[in-house]
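Please examine the structure shown below. The paragraphs that follow lead through several of its local features in turn.

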Amino acid sequence: LTIVLSAVVAAGLYVLLNRTRTGTSMRAAVDNRELLGLFGGSPRRVSTLSWALGCSLAALAGILLVSQVGLDYYQLTFLVIDAFAAAMFGKLQSLPLTFIGAMVLGLIQGYAGYLPQGQLSDGISAALPTIVLFIVLIFVPQVRLRVGQIKGILAAPVPRARRSLEVGVGLVLFGGIIAQLLSDVNSLRLGSALAYGIVMLSLVLLTGYGGYVSMAQLSFMGIGAAVVCKMDTTSPMAVLFAVLISAAIGALVALPVLRLTGLYLALATFAFAELMDKLVFQTNIMFGFNGSLNAQRMSLFGYNFGSRSSYNVLMLGVFIVIALGLLALRRGPIGRVLIAMRDSPAACGTLGLNQRWFRVGLFSLASGIAGLGGALIAGLRGTVSALDFQPIVGLLLLLLAVVCGVTSMTGAFVGGFLLMLLPVLQSQFPALGGLEFLIIGIGAVSLGRDPNGLANMIFKAGARLSPRLPAQLRLPQRATQRDAVSEAPSLETEQVAGHGVA
C-alpha cells in the first residue's frame, strides 16, 4: 500500500508541476516571484497552496509510518534527514529520481539490519540516512532556493568598551553575591544556564555576526566535555585542550562544507550532529560516552573551585570575558569584514578578501567557544552522558538563540537561562506539558524577521526608561539614537553607531 500510494503521489505531483498552469506558477515562484506577479500570477496564493500540499503529504507519510515508529516525536522530527537525503538525489528538481532515491535509501537501511551485531555496525545502520545526506550535500551541486539568510539586518547596539567593562564587572559582582545565596540544586541550574549561554555566544559569532547557520554547536559542546573527562585532571590545561580539539574538529567540518550556504549548510551541520550522536557519543569507539563519564573541577592558580557557588562565579567570569572579546572583535576591522561578508559575499570577493580561510577560522573559533562551554559544564556537574548532547537539544539551542537575539550578548545570556528552565518547568509543572515549547514556537514565528529578538525589545524598553533614570545609569546617547532608527537600513544604522561597514 505504501509503495502504491507513493508512486501515485509522485505521478500526481509530476502532472501537477509539469502539465498544469498552477504547477507552472509554483515553479515560477521559486525562480522569480516578482516576475510571476508581473505576469498576473499571485505568488502569495501559490506559496500558500505549496505549503498546504507539502503539509498534506507529510501527514500522509505520518499515517503510513505510525505503525512502525509510533508517536515518537524524536524519530518523527529526524525523518527530515531521510526525506532530504532522498530529495537531494533528485537535486530537489526531479520527481522520478527522488522516488528512486527514497526507495534505494529505504532498502539500504532495511538490509543494514543484517550486518554483524556490534556498536559500530549498529551505529552505522542508524546513521545511514545521515551519512548519505552528508555525502550528497557535499558532492551534488546546490539548487537555487529561496531560503532565509541573515543579511542587511539592523544590528543590536554595540556599546563602547568602557561601558561594556563596567557592565561586565557589575554583573560578576552581582552574580557572586547571588551565587552564595542559592541552594545546591539552584547553583547547578545557574551553572548550566551559564554554560548554555557560552555556547550561544558561539552562535552570536557564527550566525549573528557571520550569517552562517550551524546546528552542531551542542556536539562541539559534547566534544569539549568528553576531552575534559578523558584527561581527568584539575589542571586548566584540560580545558585548554578541550577548546583546541573542538576548534580543530570545527575547522575540519568547515572544510568540506565551505561552498554550502543557507538551508544546505544547516542540513550539513545537522547531519554532522547526528553522526556524532550515533557513532561517537552513543558508542565506546572514541570517548567511551556509552553511559557516563566523570570529570574533575578545574583549579586556577592554586585555588580549587570546590563549591558550586565559586565555580559559578568562574563560569560567569568566563562568559563575561568571551562576551567582551566578541564585542571588541565586532568594533574592530574583523567585525566590519564579518558584517560585510554576511551582507554581500560577492562584493567582498571583488575586494580581494579571502573568504575561504576566513570562514574556516570563523567556524573554528565558534566551535572552540562551544567546546569551552562543554568543558565547564562537565566540571560543574561532575558527570556527563550522551543524553546531554542530543541533536534535538541542539535544535532548541539554536531556536532559543534566535528568539532571544542571535546578534547580541544579552540574547545569549537570556537564551541560556531559558534553555535551562525548559526541563525544570516540565518536571515541576507537568500539567502544562509542552506549553513552553508552544510559546517558544510562536515567538520564533513572530520574531523570525528580527534576529535581534527579545534583546531588541529589552534595548527599546531601556531607551524609553533611560531619560527617567539617574545620570549614572542612563544608556549612552548613541545607543539610544541607534535604537530609535529601528527602520533604517543596516549601513545607515552602523554609521549612527560610529563605525561604518566595509
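**A buried serine and its surroundings**

Ser-192 has a relative accessibility of 5% and therefore counts as buried, the cut-off being under 20%. The model in which this is seen is a predicted one. Ser-192 is located in helix H10. Leaving aside residues up to four places away in sequence, Ser-192 touches Ile-377, Leu-380, Arg-381 and Met-420. With one of these, Arg-381, the side chain of Ser-192 also forms a polar contact of 3.5 Å.

How is the packing of two helices described? The description rests on the angle between the two axes and on the distance between the axes. Helix H10, which comprises residues 184–209, can be considered in this way together with helix H15, residues 333–343. Their axes come within 9 Å and cross at roughly 50°. On the H10 side, the contact is made by Leu-205, Gly-208 and Tyr-209, and on the H15 side by Leu-338, Ile-339 and Arg-342. By residue class, the contact between H10 and H15 divides into 4 nonpolar residues, 1 polar and 1 charged.

Another residue of helix H15 is Arg-336. Is Arg-336 buried, exposed or partly exposed? Its relative accessible area is 28%, so Arg-336 is partly exposed, a class that lies between the limits of 20% and 50%. Arg-336 and Tyr-209 are separated by 127 residues in sequence, whereas their C-alpha atoms are 9.3 Å apart in space.

The N-terminal end of H7 is capped by Ser-94, where a side-chain oxygen lies 3.3 Å from the backbone nitrogen of Leu-97.

Asp-232 lies in the loop between helix H11 (217–231) and helix H12 (236–254). The phi angle of Asp-232 is near 50°, which is a positive value in a residue other than glycine. With a relative accessible area of 44%, Asp-232 is partly exposed; Ser-192 in helix H10, by contrast, counts as buried.

Definitions and conventions. Residues are numbered from 1 along each chain as its sequence is written. This is a predicted model: local features need pLDDT of at least 70, side-chain atom pairs count only at pLDDT 80 or more; totals for chains, interfaces and linings use all residues. Side-chain values use heavy atoms; hydrogens and water are left out. Axes are lines fitted to C-alpha atoms, for helices over the stretch in contact, and angles run from 0 to 180 degrees between N-to-C directions. Helices (H or I, at least four residues) and strands (E, at least two) are DSSP runs, numbered from the N terminus. Contact means heavy atoms within 4.5 Å. Ala, Val, Leu, Ile, Met, Phe, Trp, Tyr, Cys and Pro count as nonpolar, Asp, Glu, Lys and Arg as charged, and the others, Gly among them, as polar. A polar contact is a pair of N or O atoms within 3.5 Å; within protein, one must be able to donate a hydrogen and the other to accept it, and residues adjacent in sequence count only if both atoms are side-chain atoms. Buried means under 20% relative accessible area, exposed over 50%, partly exposed in between (1.4 Å probe, protein chains only).
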